[in-house]
Amino acid sequence: MASLEIAAEHERILREIESTDTNCIGPTLRSVYDGQEHGLFMEKLEGRIKNHDREIEKMCNFHFQGFVDSITELLKVRGEAQKLKSQVIDTNRLLQDDGKELVQTLEELKQCRLQQRNIATTIDKLTLCLPVLEMYGKLQEQMRTKRHYPALRTLEQLERACLPRVSHYRFCTIMAENIPRLREQIRDVSMSDLKDFLESIRKHSDKIGETAMKQAQLQRNLDSAVSRQQRVGSGRRARKEGGLGTELDGQGCSPLSEQDSGILDVEDEEEEEVPGAQELVDFSPVYRCLHIYTVLGARDTFETYYRKQRRKQARLVLQPHSNMHETLGGYRRYFNQIVGFFVVEDHILHTTRGLVNRAYVDELWDLALSKTIAALRTHSSYCTDPNLVLDLKNLIVLFADTLQGYGFLVNQLFDMLLEIRDQYSEILLKKWNQVFREILDQDNYSPIPVSSEEEYRRIVGQFPFQDPELEKLPFPKKLPFSAFVPKVYSQLKEFIYACLKFSEDLHLSSTEVDDMIHKSTNLLLSRTLSHCLQYAIKKKNVGLTELVQIIINTTHLEQSCHFLEEFISNITNVPPDTVNATKLYATSTFKDARHTAEEEIYTNLNQKIDQFLQLADYDWMAPAGGGKASDYLSDLIAFLCSTFAVFTHLPGAVIEHATMPGKVAQTACMSACKHLSTSLLQLLLEAGVRQVSMGALQQFNEDVKECERFASSGPVPGFQGDTLLLAFIDLRQLLDLFTQWDWSTYLADYGRPNCKYLRVNPHTALALLEKMRDTSRKNNVFAQFRKNERDKQKLIDTVVKQLRGLIQAHQS
């Protein structure tokens with residue numbers, strides 16, 4: 001049973017080997033070797049091989065005859081093939097002979113076709129290369145004509161679009177190698193053009209600024225003309241609506257409309273068109289260089305360089321010349337350069353994107369503003385000409401308006417103008433100080449004679465004077481004041497006009513202008529005119545007549561101050577009753593000057609009295625008086641009478657200072673009498689007079705009586721009763737005491753309020769009595785032998801003792 005299974009298994013393996021691909025019999029053979037019947041299988045395999053060999057042999061035997069027949073037929077075909085070969089060779093030889101010309105022609109055709117292909121290829125290559133060459137040629141032409149920005153664009157197009165398509169050619173390699181050098185060349189050339197541009201605008205910034213300021217001036221003129229036409233039109237409409245108006249309106253009450261309308265007028269003249277800054281400057285180098293550096297990717301470098309160079313130029317522009325303050329042209333050139341610089345920067349700001357920005361321009365302007373203000377403060381301080389300061393102010397205003405038109409903040413400039421205004425006021429005060437001094441020096445201090453109505457109206461037109469009584473008098477007549485009154489008043493108005501001129505175009509309100517003019521006028525009155533008047537009053541060789549005339553003049557000038565108030569109100573359009581409006585408080589200047597003149601009158605009178613008293617030559621030992629006044633005193637009284645006659649012209653109750661008619665004359669007369677009385681008493685009691693006789697006292701009494709007669713005559717009207725005699729009451733009581741020898745009454749009534757000799761001081765009486773006692777002792781050697789003289793001497797000694805006791809008791 002087992003042998004059958006093994007045989008069946010071997011049979012299966014053999015079939016599998018016969019039917020299976022040789023690559024897959026490995027497992028089958030392995031199964032044979034794994035088994036125990038390996039020899040049996042080999043035997044069976046040998047038998048199967050033999051069977052197959054017998055089948056192959058049978059099949060070969062069956063097909064052998066056909067093979068033999070085929071060989072026989074093949075041998076026959078070989079002979080025919082030999083013949084065919086010979087024929088083919090012959091035919092080939094004939095064909096080769098016949099085809100040589102054709103082959104030659106075909107070869108020629110081949111070469112022609114090759115050439116055609118090469119030509120077509122060349123044409124294609126040239127078609128690619130020609131645009132590159134043409135563009136390169138265009139680049140060279142642009143470089144030659146200095147069209148650098150288009151050249152850079154061409155270079156960029158050549159590098160990015162053209163060269164990559166033909167990069168394998170050697171000339172393209174050369175071109176590619178030259179591209180960085182060309183870029184560098186373009187950058188250097190454009191930078192050179194920029195440097196030339198910067199140098200050019202530095203040199204021509206003066207012209208650029210001058211042009212810009214002319215444009216601003218033209219615009220201001222146009223605006224002023226338009227506003228003036230509008231005011232005229234509104235005025236005409238108002239006149240049509242209001243009819244003829246008042247008489248005051250018809251006469252034009254404002255001094256500005258009469259005399260100073262030209263201050264604010266704008267000249268009407270044909271003005272040629274002024275070119276703009278962009279028409280004077282070619283900015284293309286900046287634009288080209290900016291575009292070139294932008295394309296080259298170096299825009300930041302360009303911006304940094306441009307700003308750095310412009311900052312350097314700004315510092316140069318802002319550096320003023322050392323002699324700039326000498327002429328207006330120096331200031332104008334300085335302003336023109338600054339305006340030109342910022343006009344260029346403003347144009348660059350608005351025509352380029354980011355080359356400069358507003359912050360950069362504002363930074364430069366802040367720098368310029370600080371340096372300009374510092375320079376103006378320094379140089380304007382050297383200026384002493386008010387006209388130059390006024391022209392400088394107008395130039396600064398135009399400078400500020402020009403730059404304000406370009407968007408720059410100029411408030412600090414107008415603030416600085418207020419500082420210059422103070423300096424201008426000081427310069428005006430110095431100028432008017434000289435003017436006032438010349439007027440006062442040239443004045444004759446005499447009332448102005450007027451011979452005709454025209455002359456009278458001319459003077460009244462210069463100075464607001466109204467006197468109905470004087471107007472009724474026939475010509476010729478005299479005005480009460482001297483020529484310096486209308487001259488000073490006119491100069492006050494001129495000063496106000498000068499102050500007004502400076503306030504124009506400063507964008508100040510009417511109230512601010514009014515306040516400024518009032519303050520300046522107050523300074524002019526309280527400081528400048530006051531000093532000039534004090535100088536005129538106190539200078540040498542000023543007579544009493546001149547001093548009297550100065551008092552009259554200052555009185556009229558003080559009265560005219562309210563006319564000055566109205567004048568200022570008219571030109572500033574600020575009503576005088578405006579709340580918080582500044583007033584002319586400096587009218588006290590004229591009061592002070594008048595007080596000084598009065599004091600000077602009193603001083604001069606006293607000095608004259610002292611001069612006369614120096615001529616006094618008393619004989620203090622005279623035995624008897626002369627019976628009449630001394631010559632020197634008669635001359636002194638005559639002088640005083642003539643002097644006080646002049647004082648009748650002095651003003652009375654027209655101002656607060658003089659509450660009574662002739663107050664100054666009364667005060668001067670009383671002062672002179674008091675000084676004369678005091679001087680006579682000092683003359684009597686001076687230490688040099690050691691002895692005084694009764695005769696000398698009688699002569700001295702005659703002189704005092706002459707003084708009393710002068711006081712009683714009323715040299716100056718207005719004294720009540722014997723008021724003027726009170727100036728000599730001390731002398732009168734003293735002399736009465738000695739001439740009447742009324743010591744008993746004096747000693748008995750001393751200290752009582754109603755005593756007869758109330759004004760006699762015991763010290764004075766003792767001093768004079770001592771001098772009389774010395775005289776009695778020395779000149780009467782034999783007085784002890786005369787009973788009367790002895791009694792008199794004893795009486796004097798007794799009185800002396802009583803006076804000393806009285807003095808001692810009073811002191812204790």
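Reader: Which residues touch the most other members of the largest nonpolar core?

Author: They are Phe335 and Leu680, in a core of 182 residues. Please keep in mind that this is a predicted model.

Reader: And which helix gives the largest share of this core?

Author: That is helix α14, which spans residues 411-442 and contributes 14 residues.

Reader: What about a second core; which residues does it include?

Author: The second core is separate and has 20 residues, including Val132, Leu152, Leu158 and Leu182.

Reader: Back to Phe335. What is it in contact with, leaving aside neighbours within four places in sequence?

Author: Phe335 is in contact with Met213, Thr372, Leu376, Leu392, Leu395, Ile396 and Phe399.

Reader: Let us turn to helix packing, then. How do α11 and α13 cross?

Author: The axes of α11 (residues 328-351) and α13 (residues 386-405) cross at roughly 5° and come within 10 Å. Angles under 35 degrees count as roughly parallel, so α11 is roughly parallel to α13.

Reader: Which residues make that contact?

Author: On the α11 side they are Leu328, Tyr331, Arg332, Phe335, Ile338, Val339 and Phe342. The α13 side supplies Leu388, Asp391, Leu392, Leu395, Ile396, Phe399, Thr402 and Leu403.

Reader: How do the residues of that contact divide into nonpolar, polar and charged?

Author: In the contact of α11 with α13 there are 12 nonpolar residues, one polar residue and two charged residues.

Reader: And at what angle do α11 and α12 pack?

Author: Helix α12 covers residues 358-380, and the angle between α11 and α12 is about 175°, with their axes 11 Å apart. Since angles over 145 degrees count as roughly antiparallel, α11 is roughly antiparallel to α12.

Reader: Which residues meet there?

Author: From α11 the list is Tyr331, Tyr334, Phe335, Ile338, Phe341, Phe342, Glu345, Asp346, Leu349 and His350. They meet a set of α12 residues, among them Tyr360, Val361, Leu364, Trp365, Ala368, Thr372 and Leu376.

Reader: What is that contact like by class?

Author: The contact of α11 with α12 has 14 nonpolar, four polar and four charged residues.

Reader: I also noticed Asn336. Where is its place, and why does it count as buried?

Author: Asn336 sits in helix α11. It counts as buried because its relative accessibility is 5%, and the cut-off for buried is under 20%.

Reader: What is Asn336 in contact with, again leaving aside neighbours within four places in sequence?

Author: The contacts of Asn336 are Ser205, Asp206, Gly209, Glu210 and Met213. Met213 is also on the list for Phe335.

Reader: Moving to α12: is Ile373 buried or exposed?

Author: Ile373, which lies in helix α12, is buried, with a relative accessible area of 5%. Apart from neighbours within four places in sequence, Ile373 is in contact with Gln412, Leu413 and Met416.

Reader: What separates the C-alpha atoms of Ile373 and Leu417?

Author: A distance of 9.6 Å separates the two C-alpha atoms, while the residues are 44 apart along the chain.

Reader: Now for backbone geometry. Which residues does a cis peptide bond join?

Author: A cis peptide bond joins Phe475 and Pro476, with omega about -5°. Pro476 is in the loop between α16 (468-472) and β2 (477-478).

Reader: What is the phi of Asn573, and is that residue buried or exposed?

Author: Asn573 is not a glycine, yet its phi is positive, at about 60°. The residue lies in the loop between α20 (561-572) and α21 (588-613). Asn573 counts as exposed, at 63% relative accessibility.

Reader: And the phi of Trp741, what is that?

Author: Trp741 has a positive phi of about 50° although it is not a glycine. Its place is in the loop between α25 (729-739) and α26 (743-749). At 22% relative accessibility, Trp741 counts as partly exposed.

Reader: Finally, the overall picture. How many helices and strands does the protein chain have?

Author: The protein chain has 28 helices and two strands. Of its 812 residues, 41% are buried.

Reader: What does the accessible surface come to?

Author: The accessible surface of the protein chain is about 46300 Å², and 52% of that belongs to carbon and sulfur atoms.

Conventions. Residues are numbered from 1 along each chain as its sequence is written. This is a predicted model: local features need pLDDT of at least 70, side-chain atom pairs count only at pLDDT 80 or more; totals for chains, interfaces and linings use all residues. Side-chain values use heavy atoms; hydrogens and water are left out. Axes are lines fitted to C-alpha atoms, for helices over the stretch in contact, and angles run from 0 to 180 degrees between N-to-C directions. Helices (H or I, at least four residues) and strands (E, at least two) are DSSP runs, numbered from the N terminus. Angles under 35 degrees count as roughly parallel, over 145 as roughly antiparallel, 65 to 115 as roughly perpendicular and the rest as oblique. Contact means heavy atoms within 4.5 Å. Ala, Val, Leu, Ile, Met, Phe, Trp, Tyr, Cys and Pro count as nonpolar, Asp, Glu, Lys and Arg as charged, and the others, Gly among them, as polar. A nonpolar core is a set of buried Ala, Val, Leu, Ile, Met, Phe, Trp, Tyr and Cys residues joined through side-chain atoms within 4.5 Å. Buried means under 20% relative accessible area, exposed over 50%, partly exposed in between (1.4 Å probe, protein chains only). Accessible areas come from the Shrake-Rupley method with a 1.4 Å probe; for residues, only the protein chains shown count as cover.
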